[in-house]
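Subject: Structure handover, with notes on the aromatic rings

Hi,

Here is the structure I promised to pass on. Could you have a look at it alongside the notes below?

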Amino acid sequence: MKNKNKRKNKTDIVQKIVCAAQQYKSNMVGYTFLYVFEGKYIEVVYRAKDFMHLTGVDSELSAGAFFKDAIRNKLRIGQISFTQRHPYDLAKRKCSQLNNLQQITNSPVFILEDLFSKNFRFMFGITDLNFTICLSHDVDPLTQSKKSELYIPRSLRVEDSFYRISDAYEVQFIFKKPNNSSLYEEITYQDNRSSYRDLPQEVLSKINIQKLFEISINVT
């Protein structure tokens, strides 16, 4: 009976991972998102190889192979495991939120600054109050130098993160663009209290102003 329950638990988690990976690929992979908050901004890219770190499970597969198997519905229960570092209960909690990942790209969210835990410190986090995506720069493992100014997801937390930060900001705008585009041409979220007059000049230089003004008629 114990083995039967264990198999069912792993099957449930794999099913959640497969469903979430397919949504993640369709709505987040291949795009960069620009978050504007109180005169500041960050740019975030959600890459295929970062997905596995958000699930809370362990696997002998590489991050790329894990994601590829998941989106093809070929991920099997024998390919995931739980360890002291990746316990089952935590993975279960994380996987319960995986299908909500897209909400942090098109809904009201908070930017958390200087988010810390017992072992790590993240420059920023994004939260919808139910879960938090922890962000940091992508760095070269040898030199520890930044590869770009973009932020990438490092971890998913299913907890109240507000007591672990130095400050929090309501997001005013979220813009979206394909990774190969130079300008942002889509608004996925706009706080109805915010105006284009609130946008910093540096943000204005990153967006297609004319097209976004046309889109804003349908968004606001």
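Predicted model: local features only at pLDDT ≥ 70, side-chain atom pairs only at ≥ 80, totals over all residues.

Residues are numbered from 1 along each chain as its sequence is written, and side-chain values use heavy atoms, with hydrogens and water left out.

I paired rings of Phe, Tyr and Trp (its six-membered ring) if their centres lie within 6.5 Å, calling planes under 30 degrees apart stacked, over 60 edge-to-face and the rest tilted. That rule gives 12 aromatic pairs. One of them is F124 with Y151: the centres are 5.4 Å apart and the planes stand at 85°, so this pair is edge-to-face. It joins distant parts of the chain, as F124 belongs to strand β4 (residues 121-127) and Y151 to strand β6 (residues 146-157), 27 residues apart. Strands here are DSSP runs (E, at least two residues), numbered from the N terminus. Both F124 and Y151 are buried, meaning under 20% relative accessible area with a 1.4 Å probe, protein chains only.

F173 and F175, by contrast, are stacked, at 5.6 Å centre to centre with 10° between the planes. F173 is buried at 1% relative accessible area, and F175 is buried at 0%.

Ring pairs also connect F37, F124, Y151 and Y169 into a cluster.

K176 sits over the face of Y31, 4.1 Å from the ring centre, and K177 over that of Y184, at 4.8 Å.

Best wishes

How values were computed: Helix = DSSP H or I, 4+ residues; strand = E, 2+ residues; numbered from the N terminus. Buried < 20%, exposed > 50% of the residue type's maximum accessible area, 1.4 Å probe, protein only. Lys NZ or Arg CZ within 6 Å of the ring centre and 35° of its normal.
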